[in-house]
Structure formats: structure tokens, C-alpha cells
Amino acid sequence: MSAALEGLRREFGGDIVEPGGTDYESARRSVLVSGSPAYVLRPKAVGDVSAGVRFAAASRLALAVRGGGHGFAGFGTNDGGVVIDLGGLADVEVFDGERHIVRIGGGASWGAVADALAPYGLAISSGDTRSVGVGGLTLTGGMGWKVRKYGLALDSVVAAEVVTAGGAVVRASAEENPELFWAIRGGGGNFGIVTAFEFAAHKTTDVYFGKVSFPAAAAGAVLQGWADYLRTAPEELTSIVNFANPFAGGPEAPVEIQVAFDGDDPAAAARAIDPIRALGTVIGDDVARLPYADILVEGLTPPPGMRLVTRGAFVDRESVAEVLRILAEVGASPRSPLISVRGVGGAVARVPADATAYAHRQAELMIVTTTGGPEAVVEAAGPALEAIWARLAPHVSGAYANFLASATEQDVAAIYPPATYQRLAALKRQYDPENLFAGNHNVRPQ
């Protein structure tokens, strides 16, 4: 046994899962990717995380950090390395009722957070899936059903507890280690492991949520009308369009406009949503008043052998019309991927581009394509998908890390504009000069 492993067994108070162990088969997998790590560490306290980080560094083993494990690029596991699974650090505590400050463990899921805050009448702008982890979503953005009114999940973070590459535990906030605080709000897991977040929650009510559906043939007109309307729609309204769903008819699948109106006034909700209903012939409408916690969906776990490939980009105002024209045309073809278009703007755009490491503040829309199936099917779809994105390339920019299934240098360059990347790289040299935290959309120390 190596000295590093002896030290780990002495210092680590959680569970150490190794190949052949009882829980290894489940512990080695993230939600979307299967790996074969040498050690899966399940800490019970922040000191265990520090011990795990020191062990990975001393052993020179690749390190993966798992929150919810939903990352499309599979960062929550690896082969032959160390996985630190934060699932045991998942407490949710409202500790400042006057300011609605909530402390959330780095391994918590957004569904658990929503459920815990509901009795207080509080919520946090988060993602749209219950089982997605707080950490992974927040560190790189956080787009969900309150994004236009309250911004990204990371915009509500007021402080974080971070374990650095040396195993030290530091606090990052506007007053303490402010440059690190800037970096973790958009810079992903490049600078340490966040074992706890402090969020400023907001008072919430029930919301009006559901989808309004239109015939596939109306996609072009509906998309353009929807995007035009969002420019003047109240910020309480957040909306996503999904169409060309291969599992619902492909090019014949309905155009589904999902809406979330953040408020419980039926008249105000109707005023916000009725212009969407007026975009064409409505063939389905299931919008209803629901508790906010109930609108988060359960996460998808693909069966063995199935693979999901996502790719996305941002669209500025001047390119909206052309991008939507292309997408409507693509969606009408028999080999189209699932296409999603998310409205952004609102509170997201009011934050200066350099205030956080998430820099894509002025985009009006975010587009995402998703291809799924057995490996052979996904591979066969690759050339057509590349052709779609080649058509879109002149009209889109950037990328949202949470919807990327790859982690190439080109991906990293799309996520972080040059000025943002340079600032992150300088900080990386300070906090992680050996690039221990490389299992992400990696910023290399410079």
C-alpha cells in the first residue's frame, strides 16, 4: 500500500469504494457515462474532501468530481483515477431568514432544494430538472424557469466554501477571495471543489406552467412570432420551444412552446401567455397553476448502450431571424435532431459581461440540438449534424457548458471569450498550477 493511500485511509471519514467492492458497479457510473475509476470517495464532511484532493494530487491520479452526475461530457467519472462523489454533502439550510440566505451542500440536487425551500415560500432560479446537481449547474451557469426574472443560478450565489488543489478550505465571496468568487461563477470546477454554496433565495408563489402546441408545418411562423414577442414579454415569462422531436414524429412532431409564468395571478398570467396562444392554430394547451417545486422534471437516465449528444450556441438579436429560418428548415427534414430554443435576456442581460466568468450576457436566444440512440446511430448521424452546425456557424456564437457533450479546445474557446479566458488562466496558475482539476471544460494555468 502506498504512503498516499495509507494517509487517505487514516484521514478519510467517508466511504472508499474500489473495484470489486459491493457498491462499485453503481459508484463507477455517472448518469450518462460509465467509467472504471480506481477509487470512488464518498465524503461525509469537508475534511474528507480535503483528504481526497490531497490523495489524488499525491498519487498523480486523474480526479473527477461528481455532484448530480448529469454532465453530458461525463465529467463525473473517469478511468483509473479518483472520483469524489459529493452526494453525502447535500444539506439545505435557511440560516438567514430576513435576507433569505440559504446554505446548500455541493452534492445537493435542485429537486431537494426546491422541496426544502417550499415551506418557507422561497425559491432559487435554477435548472429545470430535479435530479441535476446544484454544483455542476451553478458553476457554469444555471438556466431554468426563472431565468428571465431572477437570472442564472450563479447570479444568486453570495458565497461559497471551496476546497483548493492543496486541500485548503477557503471562503469565496465579494469580500473574501473576490477573484476566486468571480471565477467560480461561470468558470466551472477549474479552481476547486465547492462543498457548500450560499444563495440569496427569493420569495415565490405558485407559477403557471405547461406547453402550448402547434402543428409542425407552422414552425417557421410560430418561431419568429415567439421570438418577436419575447422582446416585449414580461420578465415573469420564461419560455422554451422544442420541435422536430424524433420520439414524437420527427418532422411531423408538434412545435411545443413551454411557458413558465412566475406568479399566481391568473389575469396577469393570461396576459403574458395569450400572445403565444395567438401565434397559430393551437392543437394542445396544458398550462396550469402549479407549485414551483412541481414543475421541475425528473432527470432522464438513458438505458445501457444509449448515448446522448448535445450541442448549443447563443444567438444575438441581429441573427435571430436567420437562425430561426434555418432551424425551421432543418426541423422539417427527416434526419433532424431534437431542436430546442430557449429565450434568455431579462435579468441575465442586466449583469455586466465581466461581472462573472459567465460572459454571454447579451444573447437573446440559446439553441440546442440533441441526438440520441445507440452508438452506431449517433455516429451515423454525425455528418448531418455537422452540416447543420456549419450552416448555423456564421450566425451564432459562444457555447453554454452545461449543454455540451464534448470538451475540445474549440469548446472551451466558445465557452470563454478571450478576455475571460485570460483572466481565468491567470487565476488557475494561482489556485491550481498543476491542473489537478482538469476533469471539466478545462482552463489551463498560464
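## A guided tour of a predicted model

Visitor: At 5% relative accessibility, does Ala399 count as buried or exposed?
Guide: In this predicted model, Ala399 has a relative accessibility of 5%. The cut-off for a buried residue is under 20%. Ala399 therefore counts as buried.

Visitor: Where is Ala399 placed, and which residues does it touch beyond four places away in sequence?
Guide: Ala399 sits in the loop between α11 and α12 (409–415). With residues up to four places away in sequence set aside, Ala399 touches Gly312, Ala313, Phe314, His360, Leu404, Ala414 and Ile415.

Visitor: How far apart are the C-alpha atoms of Ala399 and Ala260?
Guide: Along the chain, Ala399 and Ala260 are 139 residues apart.

Visitor: Which residues touch the most other members of the largest nonpolar core?
Guide: The largest nonpolar core has 53 residues. There is also a second, separate core of 43 residues, with Val241, Phe261, Ala313 and Leu392 among them. Back in the largest core, the residues touching the most other members are Trp110 and Met143.

Visitor: Turning to the helices, are α8 and α10 roughly parallel or antiparallel to each other?
Guide: Helix α8 covers residues 219–230 and helix α10 covers residues 320–331; their axes lie 9 Å apart and pack at an angle of about 150°. Angles over 145 degrees count as roughly antiparallel. α8 and α10 are therefore roughly antiparallel.

Visitor: Which residues of α10 does α8 meet?
Guide: α8 passes α10 in a right-handed crossing. From α8, the residues taking part are Ala219, Gly220, Leu223, Gln224 and Ala227. In α10 they meet Val320, Ala321, Leu324, Arg325 and Ala328.

Visitor: How are α10 and α11 arranged, roughly parallel or antiparallel?
Guide: The axes of α10 and helix α11 (residues 375–392) come within 10 Å and cross at roughly 160°. The contact brings together Val323, Arg325, Ile326, Leu327, Glu329 and Val330 of α10 with Ile388, Arg391 and Leu392 of α11. The crossing of α10 past α11 is right-handed. With angles over 145 degrees counted this way, α10 and α11 are therefore roughly antiparallel.

Visitor: Which side chain joins that of Asp85 in a polar contact?
Guide: Asp85 belongs to strand β4 (residues 82–85) and is buried, with a relative accessible area of 12%. Apart from residues up to four places away in sequence, Asp85 touches Val40, Leu41, Arg42, Pro43 and Arg66. The polar contact, at 3.5 Å, joins the side chain of Asp85 to that of Arg66.

Visitor: Which backbone oxygen lies 3.3 Å from a polar atom of the side chain of Asn442?
Guide: Asn442 lies in the segment after α13 (418–431), and it is buried at a relative accessible area of 9%. Beyond its neighbours within four places in sequence, Asn442 is in contact with Asn190, Val412, Tyr421, Lys428, Asn435 and Phe437. The backbone oxygen at 3.3 Å is that of Phe437.

Visitor: What is phi of Asn177 near?
Guide: Asn177 is found in the loop between β9 and α7 (178–184). With a relative accessibility of 32%, Asn177 counts as partly exposed. Although Asn177 is a residue other than glycine, its phi is positive, near 50°.

Visitor: And what is phi of Ala244?
Guide: Ala244 is in the loop between β13 (237–243) and β14 (255–261). Ala244 is buried, with a relative accessible area of 2%. It is not a glycine, yet its phi is positive, at about 60°.

Visitor: What distance separates the C-alpha atoms of Ala216 and Glu252?
Guide: Ala216 is placed in the loop between β12 (207–214) and α8. Leaving aside neighbours within four places in sequence, Ala216 is in contact with Pro251, Glu252, Ala253, Pro254 and Val255. Ala216 and Glu252 are 36 residues apart along the chain, and their C-alpha atoms are separated by 5.4 Å.

Notes. Residues are numbered from 1 along each chain as its sequence is written. This is a predicted model: local features need pLDDT of at least 70, side-chain atom pairs count only at pLDDT 80 or more; totals for chains, interfaces and linings use all residues. Side-chain values use heavy atoms; hydrogens and water are left out. Helices (H or I, at least four residues) and strands (E, at least two) are DSSP runs, numbered from the N terminus. Buried means under 20% relative accessible area, exposed over 50%, partly exposed in between (1.4 Å probe, protein chains only). A polar contact is a pair of N or O atoms within 3.5 Å; within protein, one must be able to donate a hydrogen and the other to accept it, and residues adjacent in sequence count only if both atoms are side-chain atoms. Contact means heavy atoms within 4.5 Å. A nonpolar core is a set of buried Ala, Val, Leu, Ile, Met, Phe, Trp, Tyr and Cys residues joined through side-chain atoms within 4.5 Å. Axes are lines fitted to C-alpha atoms, for helices over the stretch in contact, and angles run from 0 to 180 degrees between N-to-C directions. Angles under 35 degrees count as roughly parallel, over 145 as roughly antiparallel, 65 to 115 as roughly perpendicular and the rest as oblique. A crossing is left-handed if the near helix is turned anticlockwise from the far one by less than a right angle, and right-handed if clockwise.
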